Amino acid sequence: PVLLGCGSAQPGGCPALCECSEPAKTVKCVNRNLTAVPPDLPPYVRSLFITGNPLTHLPAGAFPAQRLPDLASLNLSANHLRTVEAGALALPALRQLDLSGNALASFSPQAFGEGGSPLEELALRGALRDHGVLLSLAALLQSGTLRNLSRLELADNGLLLLPAGMFTALPALRQLDLSNNSLVGLRNVSFQGLGQLQSLNLSDNSLGVLWNSTLAQFRSLPALRHIVLGHNTWVCDCTIEDLVAWLKESDQVEGKETLTCASPDKMLGKALLKINSSDLNCSVPIDLPSQLQTSYVFLGIVLALIGAIFLLVLYLNRKGIKKWMHNIRDACRDHMEGYHYRYEINADPRLTNLSSNSDV
């Protein structure tokens, strides 16, 4: 039977403002204006729903492990959670956790305790708007605490770039959802070690191209058979050639026939699978940094050649240059002696008086 909690709960009973079902091992505290986790949760609970509450803080021991040894599924979505402290989620049987729809500002990398966690599914849809929380999550994933994680949902977070090596310590990961973000590239993202990965959702992002290094990683994952790339801003210039070739030969991408160009204007709406090399304008260098580097090297070589030629000309004309320098020196000396002579005349007082009397 379902018991509606009202007033204080009896030991092993149902907390106030919650609904409990002992046969189903379920407790629901939904939209009950809770500001803290009920301290008197029944020990039989396996599925706990605390959603739609003004709950802002999860302190250490918020879910006592000894009192809740069988808690396997925890839904804390759509609350107002800001802080998750170390040890707040250290539950020995926890398999599923949903923190979606919370504006997390602080998430401890030790939230699941010091040892490993049995967690298999983690949903963080719309909960990683703060960059510091993203870095904390990356540290948590890289620590190896969640090595049993098989499903990770990071959709709706406005992510531009992902921390390098974020997924390298998740050998059991099968499903990764990165949809509806603002990802502009995956060059710093490593999928190496994800041998069990089966599904990767990259739809509704801002991807303009996938480089060869990323495509090579996709090819190397034997279980990866479901890649979703729809609704991205594909740039159909020379950089898209490798992606188009991969799409034509690969069976990993779902709905690849619907992928279309977003730019340039002349390619707008054109299906990626229908692009040929003749459609792309490859006359303009596409790697500007490399081009600039090559230009600087060429300029340096030209300047060095000009310098060498100048020195060679000086060497071959050393006698004429020496004579020319001597002539300039003699001319300067005669000129300076003339100035010196005039100075001596002007400085002689007798000549000065004579000049004055002559004027009179």
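In the predicted model, Leu89 touches Leu58, Phe63, Leu74, Val84, Leu94, Leu97, Ala111 and Phe112, residues up to four places away in sequence not being counted. Leu89 also belongs to the largest nonpolar core, which has 86 residues. Within this core, Leu89 is one of the residues with the most contacts, together with Leu58, Phe63, Phe112, Leu152, Phe167 and Phe218. At least two core residues are supplied by each of β3 (26–30), β4 (47–51), α1 (131–142), α2 and α3. The largest share, six residues, comes from α1. In soluble globular proteins, nonpolar side chains tend to be buried together.

Helix α2 spans residues 212–220, and its buried residues are Thr214, Leu215, Gln217 and Phe218. These residues lie on the same side of α2, because they cover an arc of only 155° around the axis. An α-helix has 3.6 residues a turn, so residues three or four places apart point the same way. The cover over the buried residues of α2 includes β13 (199–201), β14 (226–228) and α3 (241–249).

Two aromatic pairs are present in the structure. In one of them, Phe191 and Phe218 are tilted, with a centre-to-centre distance of 5.5 Å and an angle of 55° between the planes. Phe191 is located in the loop between β12 (175–177) and β13, whereas Phe218 is in helix α2, so this pair ties together parts that are 27 residues apart in sequence. Both Phe191 and Phe218 are buried. The rings of Phe218 and Trp246 likewise form a pair, their centres lying 5.8 Å apart; with the planes at 40°, the pair is tilted. Phe191, Phe218 and Trp246 form one aromatic cluster.

The charged end of Lys28 sits over the ring of Phe49, at 5.6 Å from its centre. In a further arrangement of this kind, the ring of Trp211 has the charged end of Arg187 over it, 4.5 Å from the ring centre.

How values were computed
Residues are numbered from 1 along each chain as its sequence is written. This is a predicted model: local features need pLDDT of at least 70, side-chain atom pairs count only at pLDDT 80 or more; totals for chains, interfaces and linings use all residues. Side-chain values use heavy atoms; hydrogens and water are left out. Buried means under 20% relative accessible area, exposed over 50%, partly exposed in between (1.4 Å probe, protein chains only). Helices (H or I, at least four residues) and strands (E, at least two) are DSSP runs, numbered from the N terminus. The arc is that of the directions from the helix axis to the C-beta atoms. Contact means heavy atoms within 4.5 Å. Rings of Phe, Tyr and Trp (its six-membered ring) pair if their centres lie within 6.5 Å; planes under 30 degrees apart count as stacked, over 60 as edge-to-face and the rest as tilted. A charge sits over a ring if NZ of Lys or CZ of Arg is within 6 Å of the ring centre and within 35 degrees of the ring normal. A nonpolar core is a set of buried Ala, Val, Leu, Ile, Met, Phe, Trp, Tyr and Cys residues joined through side-chain atoms within 4.5 Å.
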